[in-house]
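Notebook open, new structure on the screen. I'll jot down what I look up as I go.

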Amino acid sequence: MIGRLNHVAIAVPDLERAANDGVLVILASHHATSSIDVFRGQIGTEVVPDAVPPDELERIVASYPNVIAWLVGHSHDNRVRAVAGADAAHPGYWEIMTSAIADYPGQARLIEIVDNGNDTLSIFVALVDFDANDCMERRYRRLLTME
């Protein structure tokens, strides 16, 4: 992971370095680009001067062919979305959203990257239930449902 994309000017050198080093990149952030805006505050109307609009942020990230996925959350949904790149040399990446581990039934996530041996990759994502017969699992589920 190449750190947080709080500011594109900070992240771009890291993405450049990873591309030059031939390193595959998986980004992670709390928000998906679909829930990012350019305004100050939660209901603000003032645009943050150096804010990067979501569509431009996606374009920048998709321009790096070594970025293969961006793990996101916030919306408490499970979703996989293809973010297209400009061309075959810059194919884009997969945005993988999972619900929170605090959401019932509180599943873990398993993400596996597989080299298919033919210059392609596969990304397998699974939600995993905990062992219901385990004492810690019963305690966790009880805490999860408490108000």
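Before I place anything, a word on terms: helices (H or I, at least four residues) and strands (E, at least two) are DSSP runs, numbered from the N terminus. I also keep in mind that this is a predicted model.

Entry: N66. I looked for its place and found N66 in the loop between α2 and β2. Is N66 buried or exposed? I get a relative accessible area of 9% for N66, so it counts as buried, the cut-off being under 20%.

Next I checked what N66 meets. Leaving out residues up to four places away in sequence, N66 touches L15, A18, A19, V23, L24 and V25. For V23 I have a distance too: a polar atom of the N66 side chain lies 2.8 Å from the backbone oxygen of V23.

Entry: the core. I counted 16 residues in the largest nonpolar core. Which of them touch the most other members? My list reads L15, V25, L27, V61, V67, W70 and Y93. I then traced where the core comes from: α1 (8-21), β1 (25-28), α2 (54-62), β2 (67-72) and β4 (90-97) each give at least two residues. The largest share, four residues, is from α2.

Entry: strands. I followed β3 (residues 79-87) and saw that β3 and β4 run antiparallel, joined by seven bridges. How many residues does the hairpin from β3 to β4 pass through? I find two. Across this pair, A84 stands opposite G92 in β4.

Key. Residues are numbered from 1 along each chain as its sequence is written. This is a predicted model: local features need pLDDT of at least 70, side-chain atom pairs count only at pLDDT 80 or more; totals for chains, interfaces and linings use all residues. Side-chain values use heavy atoms; hydrogens and water are left out. A nonpolar core is a set of buried Ala, Val, Leu, Ile, Met, Phe, Trp, Tyr and Cys residues joined through side-chain atoms within 4.5 Å. Buried means under 20% relative accessible area, exposed over 50%, partly exposed in between (1.4 Å probe, protein chains only). Two strands pair if DSSP finds at least two bridges between them. A polar contact is a pair of N or O atoms within 3.5 Å; within protein, one must be able to donate a hydrogen and the other to accept it, and residues adjacent in sequence count only if both atoms are side-chain atoms. Contact means heavy atoms within 4.5 Å.
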